[in-house]
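Me: I'd like to learn how to read charged pairs and helices in a model. Could you walk me through this one?

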Amino acid sequence: MAQLPKHRVELIGKGVTGACIALVALLVVTLVAMVAQRGIATFAVDGIDLGAFLTGTTWNPHQDDVSGMPTVGALPMISGSFAVTLLSTLFALPIAIGSAIFVVEIAPRFGRRVFQPLIELLVGIPSVVYGLIGLTVVVAWTRDMAAAAGQTITGFGIFSSAIVLAVMILPTITSLSIDALAAVPNQYREGSYALGCTRWQTVWNVVLRSAAPSLMTAVILGMTRAFGEALAVQMVIGNAIQMPTSLFTPASTLTSVLTMGMGNEAMGTVYNDVLWSLALLLLLMSLVFILIIHLIGHKGGTKRG
């Protein structure tokens with residue numbers, strides 16, 4: 001069988017890779033366009049006011065307000081999503097950074113061979129399993145701790161959801177933080193030790209500062225993961241569409257409302273259009289997170305360059 005000339009093989013390779021890139025780009029553009037078209041229909045076709053949608057605190061699409069429009073205030077879900085995301089990141093970040101320092105600086109052999117694979121196993125656990133554990137363990141523990149303090153709560157709410165999400169995003173932040181610390185050149189460490197600095201002074205003043213842009217990228221990626229999680233959050237947050245008044249009262253997020261409502265409404269109805277608008281909000285927030293990652297990476301590259 002005759003071999004193809006090298007230039008022909010190169011042309012075929014370029015054509016295949018170009019087709020793959022074009023396909024991916026087409027999928028992304030199609031997805032964004034479809035979500036945007038359906039999400040904007042709430043305001044362009046159904047006539048719902050954008051300001052009222054973003055700042056309203058009452059969610060009841062099947063009931064009209066005083067102006068005769070459906071009551072679709074999304075602020076409770078937006079607030080719940082950001083509260084859960086920020087609190088879960090706050091819980092996971094110290095553990096992730098500490099674990100990364102242990103793996104890279106303290107016990108690299110044990111960390112790479114044993115600890116890091118164990119952490120990465122958490123990625124493969126399905127969301128429903130996290131939700132079940134949160135429902136049977138975290139919610140019950142929160143309720144019991146409140147009862148011991150003389151308070152009566154259900155255990156559902158932002159606090160319980162944040163604990164579950166913190167465990168879910170921990171592998172992402174930890175793995176990326178390990179890579180960020182490992183990428184710091186050893187010359188930086190050796191120079192610090194040569195000046196008489198201790199190991200902790202070297203880690204704190206040299207390694208962490210050098211890896212700061214990459215660490216910020218790890219945090220943003222973890223927040224993106226937390227912001228878009230649906231099933232596990234839905235099982236432990238309580239799904240009460242109301243403005244969060246406490247970390248321990250039932251609340252809701254954009255994803256929990258979407259998963260509960262999307263399969264129950266007919267296409268083309270106002271309620272269905274509003275749900276697509278919530279999906280558009282999620283998409284826009286994901287794009288914002290990705291933009292922040294690129295800005296951090298560009299700034300870090302410029303500083304190193």
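Predicted model: local features only at pLDDT ≥ 70, side-chain atom pairs only at ≥ 80, totals over all residues.

Me: How many salt bridges does the count come to here?

Reply: As a general idea, side chains of opposite charge can pair when their charged atoms come close. In this structure the count comes to two salt bridges. One joins the side chains of arginine 189 and glutamate 105, at 2.8 Å from N to O. Arginine 189 belongs to helix H7 (residues 186-194) and glutamate 105 to helix H3 (residues 75-106), so this pair ties together parts 84 residues apart in sequence.

Me: Are arginine 189 and glutamate 105 buried or exposed?

Reply: Both arginine 189 and glutamate 105 are buried. The side chains of glutamate 229 and arginine 225 also meet in a salt bridge, at 2.7 Å from N to O. There, glutamate 229 counts as buried because its relative accessibility is 6%, while arginine 225, at 32%, counts as partly exposed.

Me: Now for a helix. What span should helix H5 have, and how far apart are its end C-alpha atoms?

Reply: Start from 1.5 Å a residue: the 22 residues of H5 (residues 127-148) should span 32 Å, and the end C-alpha atoms are 30 Å apart, which agrees.

Me: Where does H5 bend?

Reply: Look at glycine 134, where H5 bends by about 40°. Gly134 is also one of the buried residues of H5, which include Tyr130, Val138 and Ala146. Among the elements covering those buried residues are helix H6 (158-182) and helix H10 (231-236). Following H5 comes glycine 150, with a positive phi near 85°.

Notes
Residues numbered from 1 in each chain as written. Heavy atoms only, no water. Helix = DSSP H or I, 4+ residues; strand = E, 2+ residues; numbered from the N terminus. Expected span 1.5 Å × (residues − 1). Bend = angle between axes of the 7 residues up to and from the residue. Buried < 20%, exposed > 50% of the residue type's maximum accessible area, 1.4 Å probe, protein only. Contact = heavy atoms within 4.5 Å. Salt bridge = Lys/Arg side-chain N within 4 Å of Asp/Glu carboxyl O.
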